[in-house]
Amino acid sequence: MFFTKTRNFNSPVSKPELKKRLMGSHVKIHNLDFEIIERDGSLLIIPHAEQEESIKTLPITHVDIEERDGKSNVTINSKMRKVDSGGPQIILIFCFFIFIAAFVLRLVDKNGDWTVSLILLGSDVLIFSLFLYRLQVGYFDYVHKVRNYVMAKADAISGSGSSAQVAM
């Protein structure tokens, strides 16, 4: 879907070493703690948002590691939490219906007056632009920073510390 991001890369680090570097560590992004656990053979990076009072759209990230000749092929798949996905989906549906309404009004307008259609289309573009901006500074920012953390740990030079602070 629109809110799912996948990234594949190769790491010179072996699978057991990479799991050792990631397992049990905590990542702090924008004062929000993310914990890394193992479930069903893959690693999960889950946000701890129990104390959060503001509404945030957060990702759950799956890290799958396949070993090939002492090296690792890492797949990072981030998707929106189910509890957070309702609002963005409603906004997308709303914007889609406004766009369709503007298009239909333009087609059925006999007078050639485009004012209502253009107002609807302009408001649709404004709402969608604000929505995308909020996603970029919120949800996708978390996705990118979690991905960069995993990529840094998968680098051969990187250390094996148990916790890290990602730049705000």
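**Entry 1: Phe3 and Phe131**

I looked up burial first: Phe3 and Phe131 are both buried, where buried means under 20% relative accessible area, exposed over 50% and partly exposed in between, with a 1.4 Å probe and protein chains only. I note that this is a predicted model, in which local features need pLDDT of at least 70 and side-chain atom pairs count only at pLDDT 80 or more, while totals for chains, interfaces and linings use all residues. Residues are numbered from 1 along each chain as its sequence is written, and side-chain values use heavy atoms, with hydrogens and water left out.

**Entry 2: aromatic pairs**

I recorded five aromatic pairs in the structure. Rings of Phe, Tyr and Trp (its six-membered ring) pair if their centres lie within 6.5 Å; planes under 30 degrees apart count as stacked, over 60 as edge-to-face and the rest as tilted.

Phe3 and Phe131 form an edge-to-face pair, with 6.4 Å centre to centre and 85° between the planes. This pair links distant parts of the chain, 128 residues apart: Phe3 is in the segment before strand 1 (5–11) and Phe131 is in helix 3. I took helices (H or I, at least four residues) and strands (E, at least two) as DSSP runs, numbered from the N terminus. Ring pairs also join Phe3, Phe128 and Phe131 into a cluster.

I then turned to Phe34 and Tyr142, a tilted pair at 5.8 Å centre to centre and 45° between the planes. Phe34 belongs to strand 3 (residues 32–39) and Tyr142 to helix 4, so the pair ties together parts 108 residues apart in sequence. Phe34 and Tyr142 are both buried.

**Entry 3: helix 2 and helix 3**

I found that the axes of helix 2 (residues 86–108) and helix 3 (residues 115–137) come within 8 Å and cross at roughly 160°. Helix 2 is therefore roughly antiparallel to helix 3. Axes are lines fitted to C-alpha atoms, for helices over the stretch in contact, and angles run from 0 to 180 degrees between N-to-C directions. Angles under 35 degrees count as roughly parallel, over 145 as roughly antiparallel, 65 to 115 as roughly perpendicular and the rest as oblique.

The crossing of helix 2 and helix 3 is left-handed (near helix turned anticlockwise from the far one by less than a right angle; right-handed if clockwise). Among the residues in contact (heavy atoms within 4.5 Å) I list Phe94, Ile98 and Leu105 of helix 2 and Leu120, Ile127, Phe128 and Phe131 of helix 3. By class, the residues of this contact are 16 nonpolar, two polar and two charged. Ala, Val, Leu, Ile, Met, Phe, Trp, Tyr, Cys and Pro count as nonpolar, Asp, Glu, Lys and Arg as charged, and the others, Gly among them, as polar.

I checked Phe94 of helix 2 separately. Phe94 counts as partly exposed because its relative accessibility is 46%.

**Entry 4: helix 1 and helix 4**

I noted that the axes of helix 1 (residues 15–22) and helix 4 come within 9 Å and cross at roughly 130°. Helix 1 is therefore oblique to helix 4, and the crossing is right-handed. Leu18, Arg21 and Leu22 of helix 1 meet Tyr149, Val150, Lys153 and Ala154 of helix 4. This contact of helix 1 with helix 4 has five nonpolar, no polar and two charged residues.

I followed Tyr149, found in helix 4 (residues 139–154). Tyr149 counts as buried because its relative accessibility is 6%. Tyr149 and Val27 are 122 residues apart in sequence and 8.0 Å apart in space, C-alpha to C-alpha.
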